[in-house]
Amino acid sequence: MSPPTPRRRRALPVLTAALAALLCGLAPPAAADDGPPGWTARPTGGTDRDARPYVYLEGTPGTVLQDRLTVTNSGRAPLTVRLRGDGRAGGWIRFAEDTVTLPARTRAEVPLALTVPDNAVPGDASGEAVATGGGEEIRVPVRVRTIGPTLAALGVEDVEVFGATIRYALVNRGNAMLRPRLAVRAEGVFGTLLDRPERPLPLELAPGRRVERTEPWPDAPTLDAVTVRLRVTASGGARDEAEASATYLPVAPAVGGGLLVLGGLAALASGAYRRRRTGRAAPQPPPDAKPAVQPEPPEQAGPPVQAQPPVDTEPLLKAGAKT
């Protein structure tokens, strides 16, 4: 094979450049930056790297607490953002302006005031500050701690025993978050049937919350009279006890006894019915009638006298005998 001529060497770069131009012409044009403007909302303070993750405030009931929310418009067009609170603590928030309009590439710090209600119980409450604009929504968490004495009060009530299940309800009557612990004990006629030591329950009980739960008892007795006692405790000295009683009877003997009772009742009812019918059939004497008195035969001394056959005197009369 002969080496390429200089003309072929010059044609190769030309073809490569033409192919590249053709591919560039087929590629779609770059999208213009005409989408919704980009923007952010976060608690005021710090930088983008160490910004506060949420608004945190604390105070006593009736206190007005203040903070700021920073809204940044990084887009190329003006942006209107609407602000509101959501959730328990979010409902306590009031913004200096509910609607904020930001020019392109600007930011604004919006003051907010949070009023702790006078009847707020000590403890934690949560909510959100919600910013809506440009077809997007940003939620900023809000945490509020109400300062004051805490009261831990826990109750167990409505205890019931149904076969292999124990039902009960837990109620948080205080103002502190509780993590209950439960102990179960059952006593029968001849001694202890169930003794489960105290153990934590998989739940957190908020102030004022009521939860209905069940406790399995797979080896419950079939014939016994039992008393079940529940004891619940929680941190802060909260505790309570409640009990319920139940009677366990086998199904077959109970049915047989019921049939015997029904049979006895039926027999008694049948006998009474026959007695009533007999009483109706017997004749009743008139009210003024007196029973007839039968004279008693006179008493005879000695052996009883046998009756003699009658004597036929007619032959004697015919013969002239005298009577």
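User: Among contacts in the protein with a separation of 6 or more, what share comes from residues 24 or more positions apart?

Analyst: This is a predicted model. Take the contacts in the protein with a separation of 6 or more. Residues 24 or more positions apart account for this share of them: 65%.

User: How many helices and strands does the secondary structure come to?

Analyst: Both kinds of element are present in the protein. The count is four helices and 16 strands.

User: What percentage of the 323 residues is buried?

Analyst: A residue counts as buried under 20% relative accessible area. The accessible surface of the protein is about 22,500 Å², and carbon and sulfur atoms hold 57% of that surface. Of the 323 residues, the buried part is 27%.

User: Which elements give two or more residues to the largest nonpolar core?

Analyst: This core has 29 residues. The members that touch the most others are V156, V159, I166, Y168, W217, V228 and L230. The elements giving two or more residues are β10 (154–162), β11 (165–172), β12 (181–188), β15 (224–234) and β16 (238–248).

User: How many residues are in another core, the one with L69 and I93 among them?

Analyst: That core lies apart from the largest one. V116 and A120 are also among its members. Its size is 27 residues.

User: Which residues does I166 touch, not counting those up to four places away in sequence?

Analyst: I166 belongs to the largest nonpolar core. Leave out residues up to four places away in sequence. I166 then touches V159, E160, V184, L194, R213, T214, E215, W217, V228 and L230.

User: Why does L193 count as partly exposed?

Analyst: L193 is found in strand β13 (residues 191–200). Partly exposed lies between under 20% for buried and over 50% for exposed. L193 counts as partly exposed because its relative accessibility is 33%.

User: What is the C-alpha to C-alpha distance between L193 and D224?

Analyst: L193 touches A186, G188, W217, P221, D224 and V226, leaving out residues up to four places away in sequence. L193 and D224 are 31 residues apart in sequence. In space, C-alpha to C-alpha, they are apart by 10.0 Å.

Methods. Residues are numbered from 1 along each chain as its sequence is written. This is a predicted model: local features need pLDDT of at least 70, side-chain atom pairs count only at pLDDT 80 or more; totals for chains, interfaces and linings use all residues. Side-chain values use heavy atoms; hydrogens and water are left out. Buried means under 20% relative accessible area, exposed over 50%, partly exposed in between (1.4 Å probe, protein chains only). Contact means heavy atoms within 4.5 Å. Accessible areas come from the Shrake-Rupley method with a 1.4 Å probe; for residues, only the protein chains shown count as cover. A nonpolar core is a set of buried Ala, Val, Leu, Ile, Met, Phe, Trp, Tyr and Cys residues joined through side-chain atoms within 4.5 Å.
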